[in-house]
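Please look at the sequence and the model before reading on.

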Amino acid sequence: MAVKSAKMTESTSLKQYLPFLAWLPKYRREDLTGDVIAGVIVAVMLVPQGMAYALLAGMPPETGLYASIVPLIIYGLLGTSRVLAVGPTAMVSLLIAAGIGSLNPASTAEYMQYALIMALQVAIIQMLMGLLHVGFLVNFLSHPVLSGFTSAAAIIIGVGQVKHVLGYDVPRFEHFYEQVGFLFTNITHTNLTTLIIGLCAIGVLLAFKYPLATWMKAHLPEFIAVPLSKLGPLVVVVAGVIVVARFGLAQAAGVGIVGDVPGGLPQVAAPPFNFAMWQAVFPTAIAISLVGYMESISVAKALASKKRQKIDPDQELIALGAANIGAAFTGAFPVTGGLSRTVVNDTAGARTGMASIFTAILVALTVMFLTPLFFYLPSAVLAAIIIVAVAKLFDWHAFIHAWRYNRADGLSLLVTFGAVLAAGIEAGILIGAAVSMGLYLYRTSKPHTAVIGRIPGTEHFRNVKRHDVETCSEVLLFRVDESLYFPNVTYLELQLLELVADNPEIEHVVLVCSAVNYIDVSALEVLERLMSELRSSGVTFYMAEVKGPVMDRLRQVGFIDHLGGDRVFLSTQRAYEYLKAATG
């Protein structure tokens with residue numbers, strides 16, 4: 001029996017780190033149909049998107065296809081989400097371009113070396129986070145910070161692609177506003193043919209996104225309508241190639257095209273080890289690791305909850321890290337899960353990680369046999385795909401909602417948004433996170449407190465300023481609605497001493513700890529000092545509703561012995577009745 005139990009434990013452990021062992025042996029024929037259909041549809045989306053996001057990252061277009069082969073196979077086997085579609089994304093591509101571009105690499109080869117090193121660093125960081133169970137670190141990037149970052153990033157990405165739609169070169173600038181200024185001052189250099197192609201592509205993509213999508217959803221089954229509505233990128237790519245090639249617009253009108261896209265599968269090679277290069281891209285790798293994981297886990301958890309499936313956050317980090325190892329060794333760049341492709345993958349019927357593997361196989365076939373077809377692909381079409389894709393990232397509703405609910409959250413969103421535009425991507429995220437943490441510390445440094453009394457005829461105690469309650473003038477029931485730690489405990493002490501000074505009839509003070517989950521060492525010292533100060537004023541200090549874990553710590557350090565065990569009440573009701581009787 002013990003041997004059987006050990007084998008089961010070993011099997012469970014293997015399935016935790018190798019999730020495909022849980023679903024592959026039970027793979028069914030009906031799973032195959034859904035996975036194949038989803039794999040084909042996502043591949044159709046991913047080919048033009050991958051090339052577009054590669055250009056956004058400053059990489060050759062074929063690297064976007066390389067990033068859509070091995071990483072997808074690895075994640076399909078190791079990921080706990082059955083529908084997450086991993087690959088190049090706009091957000092990560094922007095971070096890559098910003099991080100490597102600031103280093104001013106001397107050549108395309110050096111640029112690619114930086115990208116490979118970055119992919120390996122992201123892999124190492126994410127896998128370590130997963131193995132050490134420190135995925136909680138991403139929680140320090142609050143929703144307002146991420147919302148402000150993504151909205152600003154959408155603007156930066158969109159403006160960065162305008163040059164391809166206008167058809168003239170824009171040099172790299174350190175600041176976003178410099179790029180905007182250059183675009184406006186050189187607007188007369190616009191290539192009208194390129195502009196028409198770009199605007200037509202944007203129009204077709206928007207048509208697929210809104211009116212056609214609405215019509216399809218109204219007249220077709222969802223599993224057909226949603227995938228068909230996502231075929232806009234493929235349509236504009238095919239149309240763009242045909243138009244430019246048929247009328248010779250590259251030569252006759254100077255329309256920018258992708259040109260030669262090397263065919264064949266990527267070569268397997270290790271990224272270079274150069275300490276200076278590794279050190280230079282490390283800050284960007286950290287940003288990509290955190291932002292990429294947040295982008296993946298949010299959509300994976302949202303879709304999994306609808307089907308009552310379980311997502312393991314730590315294993316997701318390991319799977320994404322392993323996928324990035326695949327990217328680093330196959331000439332690609334960092335990858336993560338994409339929102340739109342994941343939704344399509346889910347709607348198209350993906351059942352298991354095999355859907356990702358089928359997508360990778362189709363992309364590999366494209367790289368092997370179809371790359372010559374992309375020679376006349378207009379850069380303006382790829383730019384249009386990116387612009388329309390990132391437009392949804394700009395979310396002004398999030399700011400209005402945050403500002404109405406909590407001005408501090410609205411302010412952190414606004415500061416992050418402005419910092420990303422003014423100071424750059426990495427600096428903007430850091431500034432936003434710092435402001436968010438600073439506002440949190442400020443907010444918790446002055447916690448909500450209340451003098452409470454009993455609602456007549458009940459055992460419920462509420463704020464005397466909000467409810468008609470009964471009180472005892474000799475007993476002060478004081479509730480603090482925050483854990484006690486070094487920034488806020490002095491504020492609590494001053495409030496209590498002020499109330500005692502203003503009400504000389506008070507003989508007993510009860511600190512109601514129903515909302516206190518933690519008391520740090522600094523707070524403990526202040527509570528001991530408060531006890532002494534109250535005692536010197538002839539006032540006795542009590543505590544009520546202290547939670548178990550907090551009580552355990554207070555006993556461990558001898559605080560309860562010092563206070564007196566009979567001065568800690570299980571409930572506010574008991575404290576009130578006892579002290580009311582004691583005062584007559």
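## The cavity

How much space lies in the largest cavity? The model is a predicted one, and about 30 Å³ of space lies in its largest cavity. A search of the whole structure finds 1 cavity of 30 Å³ or more.

Tyr75, Gly76, Ser81, Arg82, Val83 and Leu84 are among the residues that line the largest cavity. Asn345, Thr352, Gly353 and Ser356 also belong to this lining. By type, the lining of the largest cavity consists of 3 nonpolar, 6 polar and 1 charged residues.

## The largest pocket

The largest pocket holds about 1100 Å³ of space. Its lining is made up of 36 residues, and those nearest the centre of the pocket are Ala97, Ala98, Gly101, Arg172 and Phe173. Several helices each give two or more residues to this lining: H3 (29–56), H6 (90–101), H7 (108–131), H8 (143–166), H9 (176–185), H21 (407–423) and H22 (425–445).

Which helix gives the most to the lining of the largest pocket? That is H8, with 6 residues. Sorted by type, the lining of the largest pocket has 20 nonpolar, 12 polar and 4 charged residues.

## The chain as a whole

The protein chain contains 27 helices and 8 strands. Along the principal axes, its C-alpha atoms fill a box of roughly 100 × 75 × 60 Å.

The chain has 584 residues, and 51% of them count as buried. Among contacts in the chain with a separation of 6 or more, 80% are between residues 24 or more positions apart.

## Aromatic pairs

The structure holds 9 aromatic pairs. One of them joins Phe375 and Tyr376 in an edge-to-face arrangement, with 4.9 Å from centre to centre and 75° between the planes. Ring pairs also link Tyr542, Phe569 and Tyr578 into a cluster.

Are Phe375 and Tyr376 buried, exposed or partly exposed? Phe375 counts as partly exposed because its relative accessibility is 27%, a value that lies between the 20% limit for buried and the 50% limit for exposed. Tyr376 has a relative accessible area of 29%, so this residue is partly exposed.

How values were computed
Residues numbered from 1 in each chain as written. Predicted model: local features only at pLDDT ≥ 70, side-chain atom pairs only at ≥ 80, totals over all residues. Heavy atoms only, no water. 1 Å grid on protein atoms, 1.4 Å probe; cavity = no way out; pocket = protein on both sides within 12 Å on 5 of 7 lines; lining within 4 Å. Points joined across faces, edges and corners; volume = space filled by probe spheres on them. Helix = DSSP H or I, 4+ residues; strand = E, 2+ residues; numbered from the N terminus. Nonpolar A, V, L, I, M, F, W, Y, C, P; charged D, E, K, R; others polar. Buried < 20%, exposed > 50% of the residue type's maximum accessible area, 1.4 Å probe, protein only. Contact = heavy atoms within 4.5 Å. Phe/Tyr/Trp six-rings, centres within 6.5 Å; stacked < 30°, edge-to-face > 60°.
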